[in-house]
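Here is a short report for a reader meeting this structure for the first time. Look over the sequence and the model, then read on.

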Amino acid sequence: MRFYSHILVLNGIYIVMRRDRQSAHNRIMQDYFVEKPLYTEELFRRRFRMSSRLFNFILRSLEEGTDYFKHKRDCSGRLGVSPLQKAVAALRMLAYGEGGDRQDEYVKVSERTAHHCRKRFCEGIVRLFKEKYLRSPTAQDVDNILQVNSARGFPGMIGMLLCCSTVDVIRILI
């Protein structure tokens, strides 16, 4: 069994999978991004590991700063996967470790497209935010981190405590 953008090849038989991309986009909007969404901000934060405000900032930055996250028409003239769907697919995979094939159920993108979304999302984040957020800390950053951690009861700590269920890892940088 192999997937293409909208064709499933199963035992040599080609099956066209008609995904209703627009309905999936509208469903995501109704669930999280309209004035009175179905799900609360707290649920959004839990599901996406960030606030909806931060998500929207990232999405706008990706739309403006990368060609991949612009909404375009496909080869048949239909609107392709929306930037929102691409970002949601990528974040569901990153936040939960979901497989690409799971994105078809809610986001309505193929496994191949989901993996491509995740790859392009990560590349876009690094390219757009590397200089400001993905850099080594300055002396002022280190001072701020030390003050915050000292107030939390961890004087001298500039790293983090990371506890996992399978392996307990404690990384403390002093």
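Is Asp-74 buried, partly exposed or exposed? Asp-74 is partly exposed, because its relative accessible area is 24%; buried means under 20% relative accessible area, exposed over 50%, and partly exposed in between, with a 1.4 Å probe and protein chains only.

## The model

This is a predicted model, in which local features need pLDDT of at least 70 and side-chain atom pairs count only at pLDDT 80 or more, while totals for chains, interfaces and linings use all residues. Residues are numbered from 1 along each chain as its sequence is written, and side-chain values use heavy atoms, with hydrogens and water left out.

## Overall layout

The protein has seven helices and five strands. Both are DSSP runs numbered from the N terminus: helices are H or I with at least four residues, strands are E with at least two. From the N terminus on, the order is β-β-β-α-α-α-α-α-α-α-β-β.

Of the 174 residues, 32% count as buried. Contact means heavy atoms within 4.5 Å. Among contacts between residues at least 6 apart in sequence, 43% join residues at least 24 apart.

## Helix H4 and its cover

Helix H4 spans residues 83-96 and has 14 residues. From first C-alpha to last, H4 reaches 20 Å. That is close to the 20 Å expected at 1.5 Å a residue; the expected span is 1.5 Å times one less than the number of residues. Gly-97 follows H4, with a positive phi near 70°.

H4 is mostly covered, with 11 of its 14 residues buried. Among them are Pro-83, Gln-85, Lys-86, Arg-92 and Met-93. The cover over the buried residues of H4 includes helix H1 (21-33), helix H2 (41-48), H3, helix H5 (103-106) and H6.

## The nonpolar core

In soluble globular proteins, nonpolar side chains tend to be buried together. A nonpolar core is a set of buried Ala, Val, Leu, Ile, Met, Phe, Trp, Tyr and Cys residues joined through side-chain atoms within 4.5 Å. The largest one here has 28 residues. Phe-48, Phe-55, Val-88 and Phe-121 have the most contacts inside it. H1, H2, H3, H4 and H6 are the elements that give two or more residues to this core. H4 supplies the largest share, seven residues.

What does Val-88 touch, not counting residues up to four places away in sequence? Val-88 touches Ile-28, Phe-48, Phe-55, Tyr-106 and Val-107.

## The second largest pocket

A pocket is found on a 1 Å grid over the protein atoms alone: it is an open set of points where a 1.4 Å probe fits, with protein on both sides within 12 Å along at least five of seven lines. Lining residues have an atom within 4 Å of a point. The second largest pocket has a volume of about 150 Å³, a volume being the space filled by probe spheres set on the points, which are joined across faces, edges and corners.

Its lining includes Leu-54, Phe-57, Phe-121, Cys-122 and Tyr-133. Helix H3 (52-65) and helix H6 (111-133) each supply at least two lining residues. H6 gives the most, with six. By class, the lining has 10 nonpolar, no polar and no charged residues. Here Ala, Val, Leu, Ile, Met, Phe, Trp, Tyr, Cys and Pro count as nonpolar, Asp, Glu, Lys and Arg as charged, and the others, Gly among them, as polar.

Asp-74 sits in the loop between H3 and H4. Leaving aside its neighbours within four places in sequence, Asp-74 is in contact with Arg-21 and Gly-80.

Arg-49 lies in the loop between H2 and H3. Arg-49 has a positive phi of about 65°, although it is not a glycine. At 52% relative accessibility, Arg-49 counts as exposed. Lys-108 is in the loop between H5 and H6. Its phi is also positive, near 65°. Lys-108 is partly exposed, at 25% relative accessible area.

Gln-30 belongs to helix H1. Gln-30 is partly exposed, with a relative accessible area of 48%. Not counting residues up to four places away in sequence, Gln-30 touches Pro-37 and Leu-38.
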